[in-house]
There are 2 protein chains.
Amino acid sequence: MTDAPFLALDIGGTKTALAVADGTSARAQRTTFATERTGPDTLARLLHEARRLLTDRRPEAVGVSFGGHVVGRNVRSLHVPGWEDTDLFARLEREFQAPVRGANDAVAGAIGEHTIRARAGESWPVLVYVTVSTGIGGAILLDGVPYHGSHGLSGEIGHMVVSDTGLCSCGRTGHLEANASGLAIARRTAAEWLGAVEPQCDITARDVAEAARQGDPVAGRVLFDAGRLVGDALASTAALIDPDLIVVGGGVSLAGPAFWTPLIEAVAEKAMSRVRIDHATHGADSALWGAFDLARQAAEESLVA
Amino acid sequence: MTDAPFLALDIGGTKTALAVADGTSARAQRTTFATERTGPDTLARLLHEARRLLTDRRPEAVGVSFGGHVVGRNVRSLHVPGWEDTDLFARLEREFQAPVRGANDAVAGAIGEHTIRARAGESWPVLVYVTVSTGIGGAILLDGVPYHGSHGLSGEIGHMVVSDTGLCSCGRTGHLEANASGLAIARRTAAEWLGAVEPQCDITARDVAEAARQGDPVAGRVLFDAGRLVGDALASTAALIDPDLIVVGGGVSLAGPAFWTPLIEAVAEKAMSRVRIDHATHGADSALWGAFDLARQAAEESLVA
């Protein structure tokens, strides 16, 4: 290892975060921007911000959390078009002359949460991480290693069936993501506030959470329903894979008791056996911290190679 | 190995099956009886029937599929009381002076289905087996090995949340087993046929399937609803663990198109990615054939020890 810093990137559907830190310090310089409308535009902005944070330093390695599908070196987002044409990982390697390792945001979040808990001396052989954000993703770690399933499509908690209604980003009906994601929460609240089915407005799940805190009954009910449905999916997850711990992160997980209380109550009522449910230690930053772990893995592999 | 036969036992909530076969032949002598009202009574009948099938031979090993929880050497059924006091495995070892290996019926069914497919040259790294019978169970095999989860409670597909209603055998509400098991199918149909909420009668899921074949609209609708709900749970299972193959066995899986067609349609409509769904190769006998595999494993371990 040199004392060059690590670069961590968390590319989301709504916001993109960057952080630069050396291998030993927990202190990082970081910045965030609203994700642009296309993949290429977001990448251009990302490179600009990364160069600014790095000043004239070359990173030791780059870790990437990507909010979408990551299969091998290919990335694709259901929310932001054009990423599939950017050759993201190769571009980052060329740009920074450093090894790059990426994973989808749920896997990165799971790794970030597992690492911080392992450092605290905790052992979680079967850890599930769920991110409730613009979309809803999830990942399963078995002894700290991502479980990928047959086609790299495991952990898709957002596409579990929880309802008869709600058109999902994947084109199916009744999925958790269509009924309880940040986007669904914003759209449902906006539809009731504004009386429009497909409101063209800038209301976000954060606005809904703030309104619920102020006592808005519509916002409170939408968050309650979303929390219950996430709880249903987590009870089903517990029945199927019997995890030690389910960690819930992503922006919506920070919406407060209006969302969290019905979630916990639904799990308590509906899970056959006891399962521990925790807030993400890193709040909405689990994936960014997981990206540092991915960067460390990339650096270690490049030393071995 | 000697040429002593293997004894396979499939102890279910409704019926109990026994088979005796040598290690190489697929031919077996078998018998079935209606499970008695308690564990001790069923065990006494089981020992009697086994001695009859074995004539004066001592088995090489005994494999047991048990319809209930199997944790270590302890067994417990939610449907048949008293099993927890029988010391089942130790009793079988003493009785037959042979090694005994047991698993719950879903794990045994999964092993039986995996083995027959492996012999046919098929490879299924992630195989899920679901048994829709008196209750609904399931098991996950990763590279042919049962995945147990943190507390030995994985694969409990019957306790996934699919509804807001239906009181489950485990005391929770809304689980698949409470809405789509053989018992639920029989009770719902009987309630409509007889107009009673908790009908005291002998209608079984098999009677419902036969009535649906004859065109009975109540039976057809109950089986349709059950098939849809099982399909919903399998779509959620596919999203979470991305299996190569889901095998559906148990008596209700043989109820015909009234049950199977809505199941397949629900998966096709609601699973985000493609997953193959198969009937069990062994029909309702997967667990009995898996019990032979367990007996073979017990014999091999006892040779090593």
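These legends describe close-up views of aromatic rings in a predicted model. Residues count from 1 along each chain as its sequence is written, and chains are lettered from A in the order in which they are written. Local features need pLDDT of at least 70 and side-chain atom pairs pLDDT 80 or more, while side-chain values rest on heavy atoms, without hydrogens and water.

**View 1. The aromatic pair Phe66(A) and Trp83(A).** The whole structure holds 4 aromatic pairs over all chains. (Rings of Phe, Tyr and Trp, the last by its six-membered ring, pair if their centres lie within 6.5 Å; planes under 30 degrees apart are stacked, over 60 edge-to-face, the rest tilted.) Phe66(A) belongs to strand S4 (residues 61-66) and Trp83(A) to the loop between strand S6 (74-76) and helix H2 (88-96), so the pair ties together parts 17 residues apart in sequence. (Helices, H or I of at least four residues, and strands, E of at least two, are DSSP runs numbered from the N terminus.) Phe66(A) is buried at 1% relative accessibility, and Trp83(A) is buried with 1%. (Buried means under 20% relative accessible area, exposed over 50%, partly exposed in between, with a 1.4 Å probe and protein chains only.)

**View 2. The aromatic pair Phe66(B) and Trp83(B).** This edge-to-face pair has 5.4 Å between centres and 85° between planes. Phe66(B) is buried, with a relative accessible area of 1%; for Trp83(B), also buried, the value is 2%.

**View 3. Arg296(A) over the face of Phe6(A).** Arg296(A) is 6.0 Å from the ring centre. (A charge sits over a ring if NZ of Lys or CZ of Arg is within 6 Å of the ring centre and within 35 degrees of the ring normal.)
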